[in-house]
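Biologist: I would like a close look at a single part of this model. Please keep it brisk and give the cut-offs.

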Amino acid sequence: MAAAVIDHDVVDEAYDLSHELSRFEFNSIGKTMTAHVLATLVLNGAVGLDDAIGQWLDAGTNGDITLRQLATHTSGLPRMAANAAAGDGFDPANPYAVYGAELAEAALRDAARGESAYSNFGLQLLGLALERIGGVSFNDLLRVHVFEPFGMADATVGPGPGQVQGYRLGKPTAGWSDLLAGPGGVNGTLRDLVAWAKAVLDPTPAMRFALDNDLGWQSAEPGLLWHNGGSYGFHSALVVDPAAGRAVVTLI
């Protein structure tokens with residue numbers, strides 16, 4: 001595992017069977033980075049926060065869902081797509097590896113919307129829409145708007161050199177890969193996630209826009225921002241207290 005406590009300009013790191021270059025899955029913490037890409041494109045004038053996704057996705061009658069609704073889990077879409085296991089070569093040990101745009105848009109057209117709920121499916125669609133808005137891959141969107149600006153030198157979409165072994169119930173398990181990485185396909189080091197936490201503590205205009213519009217982040221009293229994540233082999237958590245200038249990061 002790896003963990004860090006940030007107190008203004010002071011960062012204390014701790015490692016157990018890992019080191020500064022060890023790479024972990026960030027999982028759903030990546031949703032906050034997807035939301036940041038959206039915020040950046042909105043401030044750049046490339047898109048409107050309340051634009052309907054039917055402009056970029058083959059959504060059928062669900063084309064009136066907005067980008068804001070996807071980023072804030074208020075679209076009424078289910079947590080997972082109904083056809084999430086339908087991809088050719090689907091492997092339950094790596095459940096997002098073959099789920100691509102064609103399947104996602106088919107599920108979107110058929111989806112019955114209900115009460116608003118946390119939706120990985122919604123973030124898959126958001127990442128896909130952002131790719132089409134930006135005209136580049138999702139990995140490139142994150143690299144240009146998140147990884148490079150905030151000094152996340154080892155962060156990538158998908159695993160890379162130095163990836164630690166994940167375990168489930170005491171047994172080694174394969175890492176996850178995400179064909180549609182909007183919900184959480186980012187991997188990186190503890191220091192990458194520390195850099196992301198610092199970006200929340202000293203927000204750019206795009207970060208401030210994301211925070212003010214509840215894009216991607218979860219909130220808790222008193223004034224805490226947080227997100228966690230998990231796969232079969234990894235768990236992650238990031239909690240930020242902007243008023244106090246402090247944050248905590250854990251990666252397992």
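How many bridges join strand E9 to strand E10, and which way do the two strands run?

Modeller: First, the ground rules. This is a predicted model: local features need pLDDT of at least 70, side-chain atom pairs count only at pLDDT 80 or more, and totals for chains, interfaces and linings use all residues. Residues are numbered from 1 along each chain as its sequence is written, and side-chain values use heavy atoms, with hydrogens and water left out.

Now the strands. E9 (residues 224–230) and E10 (residues 235–241) are joined by 6 bridges and run antiparallel. Strands here are DSSP runs (E, at least two residues), numbered from the N terminus; two of them pair if DSSP finds at least two bridges between them. Gly-230 stands opposite His-235 in E10. Both strands belong to an open sheet of 6, ordered E2-E1-E11-E10-E9-E8, with antiparallel pairing. E2 (10–15) and E8 (218–220) stand at the edges with a single partner strand each, so one side of each lacks a neighbour in the sheet.

Next, the loop between E9 and E10. Trp-176 and Tyr-232 form an edge-to-face aromatic pair, 4.9 Å centre to centre and 80 degrees between the planes. Ring centres must lie within 6.5 Å, Trp counting by its six-membered ring; planes over 60 degrees apart are edge-to-face, under 30 stacked, the rest tilted. Trp-176 lies in the loop between E6 and E7 and Tyr-232 in the loop between E9 and E10, so the pair ties together parts 56 residues apart in sequence. Tyr-232 is partly exposed at 28% relative accessibility, while Trp-176 is buried at 13%. Buried means under 20% relative accessible area, exposed over 50%, partly exposed in between (1.4 Å probe, protein chains only).

Terms used. Helix = DSSP H or I, 4+ residues; strand = E, 2+ residues; numbered from the N terminus.
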